[in-house]
Each structure stands twice: as structure tokens, then as C-alpha cells.
Amino acid sequence: MSSTTQRLRDHLLIALALIALLYLGRSVLIPLAYGLLTAMVLYPFVAGMERRGVNRAVAILIGLVAVTVVFAGIGFLLLWEMHTFLTDLPTLYSKANVDLEVVREWITRTLSLSPADQAGWTADLFGRLPGSLGPLFIKTADAVFGMVFNIFIIPIFTAVLLYDRRALVNAVVAFAGPAMSARMPSILQRSIHRFSGFILGMVKVYAIVGVLNSIGLLLLGVPNAILFGMLTALLTIIPYVGILLSALLPMSVAWITTGNIWSPIGVVAVFGVVQYLEANLIFPKVVGAQLGLNTLASIVIVLLGALLWGVSGMIVLMPFVSIAMILAEDV
């Protein structure tokens with residue numbers, strides 16, 4: 001076997017082993033990645049407070065409290081939307097009964113299905129539900145447990161990384177070897193600068209998503225369209241749960257004000273299209289440009305991140321690839 005072929009084989013085996021490690025260790029690596037990114041966000045703030053004479057532990061605590069307040073505000077918005085939706089629920093229920101009767105009449109006229117046949121189909125559908133509720137409950141409980149675990153472990157990772165950052169930098173420099181030790185401070189500084197660009201790109205993404213949501217709701221004639229559009233964009237920070245709960249209020253408002261079942265369906269369509277554009281075009285284009293990645297590479301990275309770590313991979317993989325590019329430029 002030639003040396004070139006052997007090197008290619010070794011590189012391929014290393015890449016496959018790395019991918020397997022990332023996938024199998026995702027339960028630990030995902031919160032660790034979020035903790036590292038949060039630490040990079042808070043580093044300028046914590047370092048600035050330390051230069052003013054504030055104790056490091058106190059500065060880290062203040063930074064974590066600030067982040068907690070931001071996410072607590074987002075959680076409050078979610079609870080407020082849920083409360084408003086539950087308040088409107090009796091009105092929605094009465095409208096639903098009227099609209100379902102219209103749908104039944106339309107099915108009877110169009111598909112020639114009698115009310116008895118429709119009732120039989122409905123009973124059959126609900127009869128199959130209990131068998132699928134068990135696995136669904138297990139998946140939901142697992143997702144909730146994972147979210148709660150991350151809520152507690154990510155601040156711990158962040159605090160440890162910020163508190164022991166000098167020891168970690170020294171370890172990275174020692175691992176890099178004498179040839180790279182002189183360049184490591186510059187590499188780390190540029191990495192933090194790249195990540196600042198990532199945060200700026202995320203702010204732009206949410207602003208664009210908010211504008212597109214607002215335009216779609218305005219075209220549908222939903223009251224307070226700009227408020228709902230921007231609020232929904234903000235709450236998409238929380239994967240899955242944010243978009244689902246934030247969509248409930250504009251859907252209910254659209255149904256109550258118009259009395260037309262197609263209005264809430266239109267709201268779902270608007271949010272679905274915008275979310276598709278955000279995941280596959282806006283996020284790779286805007287954030288990729290901030291990180292020095294072209295659009296095609298950004299889309300590929302987002303898709304690979306989704307395969308490895310789901311939504312978390314779509315968020316955290318791009319800045320780490322950008323930092324790897326900085327290392328590659330020096331190596």
C-alpha cells in the first residue's frame with residue numbers, strides 16, 4: 001500500500017471515528033458546546049468586570065444572572081401567550097363546533113359520505129390513538145427531561161469554563177506544541193471575534209424572520225400583525241416549543257376576528273414557509289457570511305449538524321467549523 005493511500009485511509013478512519021464520537025456522545029457534548037458558546041459570549045463582559053476589580057466568581061455570577069433574566073423573559077412571553085390562548089379557548093371551542101359542522105356538510109356534499117360513515121371513520125381513528133400515545137409520551141418525557149438537564153448543566157459548564165479559562169488556554173497551548181504556541185493567543189482572539197460575528201448574524205436572522213412573519217400576517221389581515229410577527233421570531237430561540245406556542249395566539253386571534261377556518265390555516269402556512277426559509281436559506285446566508293463561510297458550505301454544515309445533533313447541531317456546528325477554519329489557516 002502506497003504512503004498516499006495509507007494517509008488517505010488514516011484520515012478517513014479519523015473522520016469516521018470523530019463523527020461517531022460526536023453522535024454517540026451528543027448527550028454530553030451538546031450542553032458542553034452550548035456552555036462553551038455561552039462562555040465566549042460572556043467572556044468580554046466578565047473580563048471587563050475583572051479589570052474593574054470585580055472578583056471573577058462574582059463577575060461570572062452576574063453574567064449568568066443576566067442570561068437567565070433574558071431567557072426568563074422569553075419564558076414569561078410564552079406563558080403569557082399560553083394564558084391568552086386559554087382565555088380565548090371557550091370562544092374558539094364554540095366557533096370550532098360551528099366550523100366542524102360546515103366541514104361535515106361539505107364532506108357529505110362533495111365526497112358523498114354520510115354522517116354515519118364520517119362518525120365511523122372518526123371512531124376508528126380515535127380507537128387507534130391509545131396504541132400510539134405510549135411511544136409519544138415516552139419521547140415527550142425524554143425530550144422534557146433532556147431540556148431540564150440542559151437548563152441546569154449548561155450554566156455549570158459555562159461557569160467552569162470562564163473560571164478556569166487561563167488553565168484551559170495553557171492546556172490548549174501545550175497541546176498545540178512549541179511550533180503553534182506563539183500563534184495560539186492570536187488564534188483564540190480571532191475565534192472570539194468570529195463568534196461575535198455569529199451572535200450578530202443570529203440577531204439579523206431573527207430580525208429578518210420577524211419582518212417576514214409580520215408581512216405575512218398583515219397580508220392575512222391579522223390584528224397586531226407586527227407584534228405577533230416579531231414575538232414569534234423572538235420565541236423561535238426555543239426550538240420546537242417556541243414556534244408552536246407563539247403561533248397559538250395569532251391563530252386564535254385570526255379565527256376569532258374573521259370566523260373563517262382558513263385564516264388560522266393561513267397563519268400556519270406563513271410561519272411554516274418562513275421557518276423553512278430561515279432554516280435553509282436565511283440562516284446559512286446571513287450567519288455564514290458573518291462567519292466567513294459561503295452559502296453552499298453553510299447549508300451543508302446546517303444539514304450535517306441536523307443529522308448529528310438535531311436543532312442544536314444546526315445552531316452550534318457553524319461557529320465551530322468557522323473556528324476550525326481559523327486553525328486551518330494557521331496550520
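This is a predicted model: local features need pLDDT of at least 70, side-chain atom pairs count only at pLDDT 80 or more; totals for chains, interfaces and linings use all residues.

Trainee: What is the mean pLDDT?
Mentor: The mean is 77, and 78% of the residues reach 70 or more; pLDDT is the predictor's confidence in each residue, from 0 to 100.

Trainee: Which elements have the lowest and highest mean?
Mentor: Helix α4 (residues 115–163) is lowest at 66, and helix α2 (residues 26–51) is highest at 85.

Trainee: How many helices and strands are there?
Mentor: The protein has 12 helices and zero strands. Both are DSSP runs numbered from the N terminus, helices being H or I with at least four residues and strands E with at least two.

Trainee: Moving on to α7. Is Asn213 buried or exposed?
Mentor: Asn213, in helix α7 (residues 184–220), counts as buried because its relative accessibility is 0%. Buried means under 20% relative accessible area, exposed over 50% and partly exposed in between, using a 1.4 Å probe and protein chains only.

Trainee: And what is Asn213 in contact with, leaving aside neighbours within four places in sequence?
Mentor: Gly229, Thr232, Ala233, Val270, Phe271 and Val274.

Trainee: Why does Leu220 count as partly exposed?
Mentor: Because its relative accessibility is 34%. Leu220 is also in α7. Beyond four places in sequence, Leu220 is in contact with Ser263, Gly266, Val267 and Val270. The C-alpha atoms of Leu220 and Val267 are separated by 7.6 Å, with the two residues 47 apart along the chain.

Trainee: What share of the 331 residues is buried?
Mentor: 32%.

Trainee: New topic, cavities. Which residues line the largest cavity?
Mentor: Leu22, Gly305, Leu308, Trp309, Gly313 and Leu317. α11 (295–309) and α12 (311–330) each supply at least two lining residues, and α11 gives the most, with three.

Trainee: How do the lining residues divide into nonpolar, polar and charged?
Mentor: Four are nonpolar, two polar and none charged. Ala, Val, Leu, Ile, Met, Phe, Trp, Tyr, Cys and Pro count as nonpolar, Asp, Glu, Lys and Arg as charged, and the others, Gly among them, as polar.

Technical notes. Residues are numbered from 1 along each chain as its sequence is written. Side-chain values use heavy atoms; hydrogens and water are left out. Contact means heavy atoms within 4.5 Å. On a 1 Å grid over the protein atoms alone, a cavity is a set of points where a 1.4 Å probe fits but cannot get out, and a pocket is an open set with protein on both sides within 12 Å along at least five of seven lines; lining residues have an atom within 4 Å of a point.
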